[in-house]
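Welcome, and thanks for taking a look at this one with me. Below are some numbered notes to read beside the sequence and the picture.

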Amino acid sequence: MGISRNLAAFHLEKLVVAGLLTVSLPRLPRLRRPGRVPKLYAVADEQIELSLPPRRYRTIASVFIESVQQGGDAARATALDAAASCGRQIGAATLEGARVGRLGVERALGLVRPVLEDNGYEPEVHRTDGTQILLRNCPFHALLEADQGLVCALNCELVGGMLSGLGAEVLEARLIPRPEHCCVTVVPRARTEEPQAAG
């Protein structure tokens, strides 16, 4: 960031006081070193929304969720289709008409990650258990109390639509609930085996 350690520490401590960050002392081997004890900063669970003038998007979202619940299976299917369509529009708009050609997994990951970042998912590529993108943040977390199953399903369709709109067909969105992460995970699509010729 081009700033000194002391200035960075000053700003980090201000964010801790404001409740936006938490701080802990990592367990490190006891080494005799001069200077301050290292601190580990993390984003706090506190959620902050600010709009001027005030907006109440959560209220209308709750109304939509309730209407889908009352509409039964047909309304749910329509909502899922709409989420996928919205995702495709987001993905296609990102390309702005550019043709990306056939994508491999690595190139698709590079294309998808900034789109997920722009939409608030905080994606992280993990390669420990196969290549996958974990989404650290759920942009719709505040609505989970209304109907977690529906919100997660809509979220998965939305991300899947983004992949489709980007032409990243080698990837797919799956519902894999994990604590402290969004329930959607982006993974390489399983390859279907080529049919063998009869001999």
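1. A cut-off to start with: a residue is called buried when its relative accessible area is under 20%, exposed when that value is over 50%, and partly exposed in between. Please keep in mind throughout that the model is predicted.

2. The protein has four helices and six strands. Read from the N terminus, the elements follow the order α-β-β-α-α-β-β-α-β-β. Of the 199 residues, 26% are buried. If you take the contacts between residues at least 6 apart in sequence, 50% of them join residues at least 24 apart.

3. Let us look at the sheet next. Four strands form an open sheet in the order β3-β4-β6-β5, and their pairing is antiparallel. Because β3 and β5 each have a single partner strand, they stand at the edges, and one side of each is left without a neighbour in the sheet. From one strand to the next, the twist averages 25 degrees.

4. Which strands does β6 pair with, and over how many bridges? With β5, strand β6 (residues 184-188) forms an antiparallel pair over five bridges. Within that pair, L171 stands opposite P188, and L175 has V184 as its bridge partner. With β4, β6 also runs antiparallel, and two bridges join them; here L134 stands opposite T185. Strand β6 is mostly covered, since four of its five residues are buried.

5. Back to T185, which lies in strand β6. Its side chain makes a polar contact with the side chain of R178, at 2.6 Å. Setting aside neighbours within four places in sequence, T185 is in contact with Q132, I133, L134, E172, A173, R174, I176 and R178.

6. E172 sits in strand β5 (residues 171-175). Is E172 buried or exposed? Its relative accessibility is 18%, and because the cut-off for buried is under 20%, E172 counts as buried. The side chain of E172 makes a polar contact with the side chain of R174, at 2.8 Å. Beyond its neighbours within four places in sequence, E172 is in contact with L163, T185, V186, V187, P188, R189 and A190.

7. Helix α4 has a kink of about 55 degrees, centred on L150. Between its end C-alpha atoms α4 spans only 26 Å, while a straight helix of 22 residues would span 32 Å at 1.5 Å a residue. Just after α4, G167 takes a positive phi of about 75 degrees.

8. Please also look along helix α2 (residues 57-95). Its 39 residues would reach 57 Å in a straight helix at 1.5 Å a residue, but the end C-alpha atoms are only 28 Å apart. The model shows a kink of about 135 degrees in α2, centred on G72. The buried residues of α2 include A61, I65, V68, A79, L80 and L95. Those buried residues pack against α3 (105-118) and α4 (144-165). In general, an α-helix has 3.6 residues a turn, so residues three or four places apart point the same way.

9. Last, two backbone angles to check. Most residues other than glycine have a negative phi. Just after α2, E96 takes a positive phi of about 50 degrees. E122 also has a positive phi, near 50 degrees, in a residue other than glycine. E122 is found in the loop between α3 and β3 (123-126). Its relative accessible area is 38%, so E122 is partly exposed.

Key:
Residues numbered from 1 in each chain as written. Predicted model: local features only at pLDDT ≥ 70, side-chain atom pairs only at ≥ 80, totals over all residues. Heavy atoms only, no water. Buried < 20%, exposed > 50% of the residue type's maximum accessible area, 1.4 Å probe, protein only. Polar contact = N/O pair within 3.5 Å; in protein donor to acceptor, adjacent residues only side chain to side chain. Contact = heavy atoms within 4.5 Å. Expected span 1.5 Å × (residues − 1). Bend = angle between axes of the 7 residues up to and from the residue. Pairing = 2+ DSSP bridges. Axes fitted to C-alpha atoms, helices over the stretch in contact; angles between N-to-C directions.
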